[in-house]
Amino acid sequence: MQQNLIDKFNNFDENYKYILDKINESAIKSGRKFDDITLLAATKTVESEVICHAFNQGLNYMGENRVQEFLSKENDLPEKMHKQFIGTLQTNKVKQIVGKVEMIQSVDSVKLAREISRQSIMRGISTDILIEINIGNEITKSGIDFDDFNSFLEEISKIEAINVRGLMTLGPVGAEKSKKIEIFEKMNKLFVDNKAKKVDNISMDYLSMGMSDDFDIAIEHGSNMVRVGSALFGQRIYK
Ligand SMILES: *Cc1c(COP(=O)(O)O)cnc(C)c1O
């Protein structure tokens with residue numbers, strides 16, 4: 001095997017162990033168990049060989065950002081791995097991934113939800129989604145406005161063949177810890193309040209927030225799914 005890949009595997013193994021320990025610690029701090037938290041590997045720019053290695057070490061959730069990149073890796077990925085979509089999704093690309101990913105985390109418009117629905121109906125399936133919320137993220141602007149959540153949820157609950165499974169946010173990249181905590185708490189409150197509501201087609205199973213530089217803080221403030229890229233695989237040169 002190429003030395004380059006061996007180095008990547010070793011690097012991953014070290015990072016993975018460290019991250020699992022931190023997840024365990026943060027879960028306990030927030031009164032939960034390690035198993036209550038899902039670690040999803042954000043695998044953009046990561047080669048299939050490395051993703052397969054990660055899977056063999058026990059990391060069984062992955063998320064891709066780009067449709068093309070996902071499709072180019074798809075055949076080389078473990079069949080049993082949970083594959084999700086976490087990036088900005090253009091409506092015209094929905095047909096390429098519906099049925100191939102188990103969940104689309106980044107739904108931030110009714111138009112996008114309708115297209116996921118339409119493509120799911122054509123395939124005789126239903127697709128799990130998360131609603132992406134823009135909270136304190138000035139840079140990407142992806143996600144619906146926090147204040148529009150209730151009306152968005154009402155619209156989306158009427159759409160067939162999609163199941164809302166929770167909420168996702170990118171959060172404020174590079175913000176101070178106190179600001180992050182404030183935002184994570186606000187997301188957690190939205191999650192918990194809506195979990196109590198019991199609306200048709202809506203369940204609040206996943207609160208997907210926290211990335212490499214703040215997954216521990218996110219877990220301590222309610223997250224039960226963290227999307228970690230660079231802290232597992234090393235810094236990306238681009239994206
Ligand atoms: C890249 C990415 C992540 C992970 O980012 P890191 O800082 O590398 O951990 C998480 N979520 C989304 C949507 C991403 O695009």
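1. Buried here means under 20% relative accessible area, with exposed over 50% and partly exposed in between (1.4 Å probe, protein chains only). Please keep in mind that this is a predicted model, where local features need pLDDT of at least 70 and side-chain atom pairs count only at pLDDT 80 or more, while totals for chains, interfaces and linings use all residues. Residues are numbered from 1 along each chain as its sequence is written, and side-chain values use heavy atoms, leaving out hydrogens and water.

2. Helix α1 itself covers residues 3–29, which makes 27 residues. From first C-alpha to last it reaches 39 Å, close to the 39 Å expected at 1.5 Å a residue; the expected span is 1.5 Å times one less than the number of residues. Helices (H or I, at least four residues) and strands (E, at least two) are DSSP runs, numbered from the N terminus. Just after α1, Gly31 has a positive phi of about 75°.

3. An α-helix has 3.6 residues a turn, so residues three or four places apart point the same way.

4. Phe12, in helix α1, counts as buried because its relative accessibility is 0%. Not counting residues up to four places away in sequence, Phe12 touches His53, Ala54, Gln57, Leu59, Leu232 and Phe233; contact means heavy atoms within 4.5 Å.

5. Asn15 also lies in helix α1. Its side chain reaches the backbone oxygen of Ala231 at 3.3 Å, and a polar atom of that side chain lies 3.0 Å from the backbone oxygen of Leu232. A polar contact is a pair of N or O atoms within 3.5 Å; within protein, one must be able to donate a hydrogen and the other to accept it, and residues adjacent in sequence count only if both atoms are side-chain atoms. Leaving aside neighbours within four places in sequence, Asn15 is in contact with Ala231, Leu232, Phe233 and Gly234.

6. Now to the strands: β1 and β2 run parallel and are joined by two bridges, where pairing requires that DSSP finds at least two bridges between the strands. Gly63 in β2 is the bridge partner of Ala42. In β2 (residues 61–64), Tyr61 and Gly63 point one way and Met62 and Glu64 the other, and all are buried.

7. The loop between β1 and α2 holds Thr45, a residue other than glycine with a positive phi, near 70°. Thr45 is partly exposed because its relative accessible area is 26%. Ala161, in the loop between α6 (149–156) and β7 (162–169), has a positive phi near 65°.

8. Which residues surround the ligand? Among them are Ala42, Lys44, Asn65, Arg227, Gly229 and Arg236, where near means that a heavy atom of the residue lies within 4 Å. Oxygen atoms of the ligand lie 2.6 Å from a polar side-chain atom of Asn65, 2.8 Å from a polar backbone atom of Gly229 and 2.8 Å from a polar side-chain atom of Arg236. The protein covers 88% of the 380 Å² of accessible area that the ligand has on its own, by the Shrake-Rupley method with a 1.4 Å probe.
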